[in-house]
Each structure stands twice: as structure tokens, then as C-alpha cells.
Amino acid sequence: MTADQANVLEVLPIGMFEDLPENMHRVETPKNFSVILCDEHANLSRDALITLRAAARHDLFPVYWFGANPPSFADAVFPEISMQTLQLAYRDAQEQYRRIGQVAAPHNDEDRGALNLLGYLVTRDIDAVPSWHPGSRSSVTYARLRPDLASRSLLSQLHRQGMLERTFWRKTHMCRKCSSARLNVAEHCPECRSSNLVEMDIVHHFACGHQGPQNAFQLTAGGRMICPSCEQMLNHFGVDYDKPGRVELCQNCQTVTEEPEVNFECLDCKTLTPSDEAPQNNWYQYSLTSLGRETVISGRLPVPGLETALGSFEPSKDYATFVALLDNGLSTAQRYGRPFGICAMRFDQGQDDDHQPRPVNAASRATLIKLLREILRDSDFLYAEGEQIVFVFPETDAGQLDAIIRRIEDGLRKNMTDQPECRFEDWSDRTVRDILRGIRDVR
């Protein structure tokens, strides 16, 4: 192979690309291509990109757009198709592939999605920056990330593992039924749920003490109000009456309320969600850490501990929160003589070839979380580190704790296919200091 042949790019054109430069070889069917060229009519939806990725030489293939309405993730955009712009795309693609060549292939398929995401940030030299996107059900998108590689859960996982650092951007609310963030905020009548509310003053008549909405006071021909209770005329504000507040009158059922319900109305499924019950999402901007860059070069994610798998599981607490809850709960139980159960659960799957603890696999971690969702109560909480979980069960005596442990053991035995070795220790008689020492032993 000559040097010129080695520099030829395998190009998949999507659109009206009649002639290509000599250093671009046209791939007629989506197979073993290196670069995609698109005109303004191309479909680059998430599903389309997933299909194309399966046929590409590398998952991080560059995309070049020619014409109007380019996607925000295009590696470069050109106003028209010409030999000059195609050559510019070729030169950019050569540089992109130099960077892509520095990305190691994943050592296993389980890590592929996370490593692709990290590799995309490295090869494009970008951060994952959220922005508003009204067309999306989440109302937010990471516009510069290619949609087939972007994953909010992966970004959060990589942050927990120390490969990304993050900065808070926005909080959004969601529909409790369909999880859409496309919501209209409105006040509703607490009786009939109509949003046809009219605000009006409350009138207080000093002489008889009657107080009510202003529309209940009849008007004289001269526009003076008449009290509906004593039928006296109200002549002077501050002398005969005042207006101590305002209420909402429902034009549908005539209910008067001082505190109308504030609801989110879903624009997708029409469900009303009370504002204080709407699920929330925190959105962050993410940037690579030095560990993240090293991971891309090595092609191997750090061994994930249970704290990663349980990071978004509500009973799972960070270390500082766990210590505070444990100290308060244990001291309260001792003061009032109440039962308080604590136990540690450790997985032992041996060591890998690098003499590192072999982690519980993804399927087993998912099974464990599902099981704990069924067993744990709202008052229970835990702290996970490495392959150890410390559970805290307030108002739980020794017999009840033993029953909980048996339920977890039975659930793991029935639902985990690889049957990891699991050991429980009752820590209920330990002090806070001893419990934390037991945690530090695996930190």
C-alpha cells in the first residue's frame, strides 16, 4: 500500500454527493466507513446513529454537514458541497482520526458506552454542557454530544467514579405520570381543578365585622358598596371598611379560596401534578478529570464498587450524611431505650489477575437494588463502599434484624445467577466509632 492509499478515507455519503476528491473513497453501503458526509436532508436521529455506529470502523467516527440546519454535534459545518469544502472536511477528519487513534479499545463490552462517552469528550476537546431543548421530553439536552453516545445516567456514573467533575446548571420538574419536563405551571381551584380563577379583594366591614369577597357586596347606583350582612352602605375606605387581603374566585364553581392549588400541567399527557409532589431532576455541566483522560488511554474503567451501583438509590447516603444520621439515630435509641439494628454485608468474589477485588457484575448489582427496594423501609438507610454495605434499621430488634438478613440472603440466592459469596455481620452492639472504623477498613 502506498502512502497515498494509506491516507484515503472510507467515506459514507448521505445525500447528494456526486463527486468526491481522490483521497476520499465512497462506501456505497454502510459498512467499514470512517467518516460520514451529510447534506441538509440527512437523518441523524439517535436510532439512525446507533445503526450507523454498528457498521463504522470506530464508534467515534466524525460527522461533516454540508448545507443548512446542521445538528449541534456535527464536527464541522460547510455552507455548500464543493471540492474545496470536501478537502477541508478531509483535512479535519485526518486530525480527528489522529486523536481517535489515541483512544484505546474497550477491554469489555460492559464498559463500551462509558468509554465511548469519555473518548468523545477527549477527541472533540469539549465539556458536556446542558442547554434548553423544548422539543425534548426532558426539555434539556447535551447538544454537543452525539445523541447515540449521550447518556445522563452515564455522566452521573462517571462523576461518581471520579472521571468527570460537575457544576450545577438547572433544576427541572417532571410529570409524575410520564416524566415529561414539558410542563405548564398554573393555579387551580381546589374543588373542581379549573384554572379559571379571578383574583379579588376581601372587604372587611368594621361596623358589623362581616368579611368577604368584594363581589358579594352589592353596589348602589352611585357605585357604593352595601354590606350583605347588615345592609349598611360603605362610604369611606379606612373609616367604614378596609381590604385586608385578596382571594381567588373560581369562575367555574364559584369556590372562594385564599390558597389555590399550584399544579404542573403536563403538555404531553395532560396530567396535573401538585407542585410539591413533582419529581425533580438536577442538571450539571461535566468536564473531564485527569483520571478520566487516563481511563480513555487505558481503555479500562476503574473497578466499580457498590457505591457506584447504589449512588442514585435513595436509601444510600454519602459518608457525611450517613455518619450524621447514624450518630443521631443511635444516640436517640439509647436515650429512650428503643431497638436499633445495624449490620454489614460483604461480597467476596475473589481477586482478578491484577490482584484486585473482583466486583459484583452489573446484572447482580441490578438484582440487588431491586431486592433492596422491596425490603427496605422508608426509615432505613445504608452506606456502600467497595464491596461492603452497612445497613441501619431504626426501631428494629435482634429478631427482626435476623429476619431481614434472611430475606436478603434468600432473595440473593433465588435471583442471582452467579451466586456471589455474601457474609453478614451484626454490628448493633457497636459504638459509632467502631462502626466507622469498620467502614474505614474497606475505604
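Student: Which residue in strand 13 does L219 stand opposite?
Tutor: L219 stands opposite M225 of strand 13, in what is a predicted model, where local features need pLDDT of at least 70 and side-chain atom pairs count only at pLDDT 80 or more, while totals for chains, interfaces and linings use all residues. Residues are numbered from 1 along each chain as its sequence is written, and side-chain values use heavy atoms, with hydrogens and water left out.

Student: And how many bridges pair strand 12 with strand 13?
Tutor: Strand 12 and strand 13, which covers residues 225-226, are paired in the antiparallel sense over 2 bridges (strands count as paired if DSSP finds at least two bridges between them; strands are DSSP runs of E with at least two residues, helices are runs of H or I with at least four, and both are numbered from the N terminus).

Student: What order do the strands of that sheet come in?
Tutor: The order is 12-13-14, with 3 strands making an open sheet in antiparallel pairing. Strand 12 (218-219) and strand 14 (233-234) are at the edges and have a single partner strand each, so one side of each has no neighbour in the sheet.

Student: Which residue is the bridge partner of I14 in strand 3?
Tutor: I14 has C38 as its bridge partner there, and strand 1 (residues 9-14) is joined to strand 3 (residues 35-39) by 4 bridges, the two strands running parallel.

Student: Now the helices: at what angle do helix 4 and helix 5 pack?
Tutor: Helix 4 (residues 112-124) and helix 5 (residues 152-160) pack at about 85°, and their axes are 10 Å apart (axes are lines fitted to C-alpha atoms, for helices over the stretch in contact, and angles between N-to-C directions run from 0 to 180 degrees). The two helices are therefore roughly perpendicular to each other, a label given to angles of 65 to 115 degrees.

Student: Which residues of helix 4 and helix 5 meet?
Tutor: From helix 4, G113, A114, L117 and L118 meet L154, L155 and L158 of helix 5, where contact means heavy atoms within 4.5 Å. This contact of helix 4 with helix 5 has 6 nonpolar residues, 1 polar residue and no charged ones (Ala, Val, Leu, Ile, Met, Phe, Trp, Tyr, Cys and Pro count as nonpolar, Asp, Glu, Lys and Arg as charged, and the others, Gly among them, as polar).

Technical notes
Parallel < 35°, antiparallel > 145°, perpendicular 65-115°, else oblique.
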